[in-house]
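Dear colleague,

Please find the structure below, followed by notes on what was found in it.

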Amino acid sequence: MTFDGGKVEPEVGMGAGEEYGAYVKLGEAGADAEPPTSSPAGKGRRFWWWMRIVLWSACLGLLAAVIGKWVGPFCMDKVVIPIINWLTSTFTARQLAVILFASVALFPTFLLPSSPSMWVAGLTFGYGFGFLLIFVASVIGVSLPFLIGSLFHHKIQLWYEKYPKQAAIIKSAGEGGWFDQFRAVALIRISPFPYILYNYCAVATSVEYVPYIMGSLVGVVPDIFVSIYTGNLLRTLAVASRHSQFLSPSQIILNVAGFCVTAASTTVITMYAKKKLLTLTQDDNLPLLK
């Protein structure tokens, strides 16, 4: 405002109302405007994303072709077939069954992987007797470390304090009732958590033996099927390579379909188990150690 001869006169200018009026007009104009189109930068990012997908697919396809053409036959001729010949010429079926049973049952106690023995069981005995052999041996394989681990109870608890995140996953199996413990143990067995380490670490929680052994046996079933399928596939490829024959179209389709189903189901089950374990550890507010 200005002073003119002692009179106070209002000065015309943009006030708050005019500011809001201008804002409303801008909003109205924006409502009638055309929706913005995608920018060239966004199109470029999408283009390069698809280009990376195509390049990765081409690289994986080339790698698969190289493996199928040179690496696979070389491994079959120099590794798989000699091992099969040595096993069949050195041991009888009964002796081999005893050796595989002992390795699956005892290797976890010494922190040694038993997957190669499972492959050989699938390669030699197939799905029927091979599954039964591995399943029964797994009872001993998960029970011995659980019983021996009680001798190192306090050292395992110190490891829990050193690695609290990993301990939270293991600790979830010791909470709740029988079914809660059984479910948590089964999920841990299916998840990517190291199989051999959990055999010893489980004893430092409050998990009981019965839900531990039942959950372990349910959780190792997918791993057993994958191992037996791998051994069966190796046997099929070895027989074809030994006789210098190609697989028939039906065998190729069955093997490829079996591999895809096995890989997909294993991935889905593992992701589900990992997600459920994360939910259990987040919902659990009890102390880490008892």
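Contact here means heavy atoms within 4.5 Å. On that basis, and leaving aside neighbours within four places in sequence, serine 191 is in contact with Thr270, Ala273 and Leu277. This is a predicted model, in which local features need pLDDT of at least 70 and side-chain atom pairs count only at pLDDT 80 or more, while totals for chains, interfaces and linings use all residues. Residues are numbered from 1 along each chain as its sequence is written, and side-chain values use heavy atoms, with hydrogens and water left out.

Serine 191 sits in the loop between α8 (178–190) and α9 (195–201), where helices are DSSP runs of H or I with at least four residues, numbered from the N terminus. With a relative accessible area of 8%, serine 191 is buried (buried is under 20%, exposed over 50%, partly exposed in between, with a 1.4 Å probe and protein chains only). A polar atom of the serine 191 side chain lies 2.8 Å from the backbone oxygen of isoleucine 188.

In helix α8 there is also phenylalanine 179, which is exposed, its relative accessible area being 51%.

Turning to helix α6 (residues 153–162), Ile156, Gln157 and Tyr160 are buried. They cover an arc of only 105° around the axis, and therefore lie on the same side of α6; the arc is that of the directions from the helix axis to the C-beta atoms. The face of α6 turned away from this buried side carries the exposed residues His154, Lys155, Leu158, Glu161 and Lys162.

Best regards

Note on methods. Helices (H or I, at least four residues) and strands (E, at least two) are DSSP runs, numbered from the N terminus. A polar contact is a pair of N or O atoms within 3.5 Å; within protein, one must be able to donate a hydrogen and the other to accept it, and residues adjacent in sequence count only if both atoms are side-chain atoms.
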